[in-house]
Amino acid sequence: MKFLKLASLDQVYSEYFHRVKPIDETLEVPTLESLGFVCAEDVLASQNLPGFDKSLVDGYAVRSKDTIGASTNLPVMLRIAFEVKVGEEPKRAINENEAAWVATGAMLPEGANAVVMVEHTQRFNEYVEVMKPVAVGENVLRMDEDVRKGQLVLAKGERIQPGHLQLLLQLGVERLKVFRRAKVGVISTGDEIVEPFVKEKSVVQVRDSNSYGLVVWLRSLGFEANRVGLCRDDEDELFRTLKGWFDEYDVLVISGGSSIGTRDFTEAAIDRLGRPGVLFHGILIQPGKPTILAIVDDKPIVGLPGNPVSFTISAKFVLLPIMRRLEGEKDFLFKPSGMVKLTRNVSSKQGREQFIRVKLFEKQGQVWAEPLESETAQVSNLVVADGIIRVPSDVEGLSSGELAEFYPLWFGW
């Protein structure tokens, strides 16, 4: 039973993505090679971090109560018992009215519960004048304040980022169970399309940048991607190509073939592969409306528009979330990286979500976005733009000075 042929982006995210089944195949990889994978099981901390009470500043480890009442005019005099260097354990505990010099990152001796910054002290031979009181725990990172033993440090479904890697290495985690990366096969279509490095072509022929560019983009994000063929505008040829590569990849992408003149045979070729076939034939977004979404035997098949900007927007907001969903990532939808102010009014058709390319600049501490006006066929626009803003479908536009959601065009999850 098929869904609506034309749907909002929210409908696609809820109804279509519900049918995209994540890959359940896992593998074990060294932690140092895990960056970019999605974790396949919860990882709990095996120990406390930092594992000892650590000084956050250069100064003197003290007992807080020994500094009560200290001031510039009436400092407290403490005897310097010893020094503690980074990476060494203290010689002994400190006693009443004693202090120990500690460097940033050094372990506090037993008995000390605070550190006085060196800026608030003055040293005289074996004694130090403390000119400011410190509270219990001041300038100290407690032994389990960073991470507690048994704490969840990496959840199943999280994509492993550099921050995770730092934490896992601090905890001594050597290997991780992860979901394997998704594999995508890209098929280019169109009678006018030729290979990008062909020496001679007619004026009306177009070098294939979409499919090759998509493959390079996906590979840069860690996916296994290949351009697997170039098809003429012919249903039988497209069907044979789809069938021939169907078992090799987790998702197949058709570049082009979704315009009014060609989408009928594209849909027919997909439907011949199996059920349920094409579920959505168009999304209420601009650019990117002529996007085809299908499921065949639980495998996603995506038809991206041929116009370069439409192609890129659909790849960013439809295809990439599908890939992330396939890899088992919990939060597979993109979130805005921030809010920007518009330099001028932006019009939009109500009922259709608008994605507008913008150029960013900074003025008086505020990030502004200058909308770029161009047709979706202009490839140069993808170079000039720093990213895109998203105009919701329930408004007729945004006003100058209004805040808008900003998304990087190429990089960033």
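1. The crossing of α3 and α6 is right-handed, a crossing being called right-handed if the near helix is turned clockwise from the far one by less than a right angle, and left-handed if anticlockwise. Helices (H or I, at least four residues) and strands (E, at least two) are DSSP runs numbered from the N terminus. The model is a predicted one, in which local features need pLDDT of at least 70 and side-chain atom pairs count only at pLDDT 80 or more, while totals for chains, interfaces and linings use all residues. Residues are numbered from 1 along each chain as its sequence is written, and side-chain values use heavy atoms, with hydrogens and water left out.

2. The axes of helix α3 (residues 210–220) and helix α6 (residues 308–326) come within 11 Å and cross at roughly 35°; these axes are lines fitted to C-alpha atoms, for helices over the stretch in contact, with angles running from 0 to 180 degrees between N-to-C directions. From α3, N210, S211, L214, W217 and L218 meet P308, F311, T312, A315, K316, L319 and L320 of α6, where contact means heavy atoms within 4.5 Å. The residues of this contact divide into 8 nonpolar, 3 polar and 1 charged.

3. In the largest nonpolar core, which has 46 residues, V12, Y16, V184, L214, L293, L304 and I322 touch the most other members; such a core is a set of buried Ala, Val, Leu, Ile, Met, Phe, Trp, Tyr and Cys residues joined through side-chain atoms within 4.5 Å. Its largest share, 11 residues, comes from α6. Leaving aside neighbours within four places in sequence, V12 is in contact with A7, F17, F280, I283 and L293. Another core, of 19 residues, lies apart from the one described above, and has V228, F239, L273 and V278 among its members.

4. T67 is placed in the loop between β5 (59–62) and β6 (76–84), and counts as buried because its relative accessibility is 0%, the class of buried residues being those under 20% relative accessible area (1.4 Å probe, protein chains only). A polar atom of the T67 side chain lies 2.8 Å from the backbone oxygen of S64, and the side chain of T67 also reaches the backbone nitrogen of V134 at 3.1 Å.

5. N139, in the loop between β10 (127–130) and β11 (140–141), is likewise buried, with a relative accessible area of 19%. Not counting residues up to four places away in sequence, N139 touches K54, S55, L56, V57, V115 and M117.

Conventions
Buried means under 20% relative accessible area, exposed over 50%, partly exposed in between (1.4 Å probe, protein chains only). A polar contact is a pair of N or O atoms within 3.5 Å; within protein, one must be able to donate a hydrogen and the other to accept it, and residues adjacent in sequence count only if both atoms are side-chain atoms. Ala, Val, Leu, Ile, Met, Phe, Trp, Tyr, Cys and Pro count as nonpolar, Asp, Glu, Lys and Arg as charged, and the others, Gly among them, as polar.
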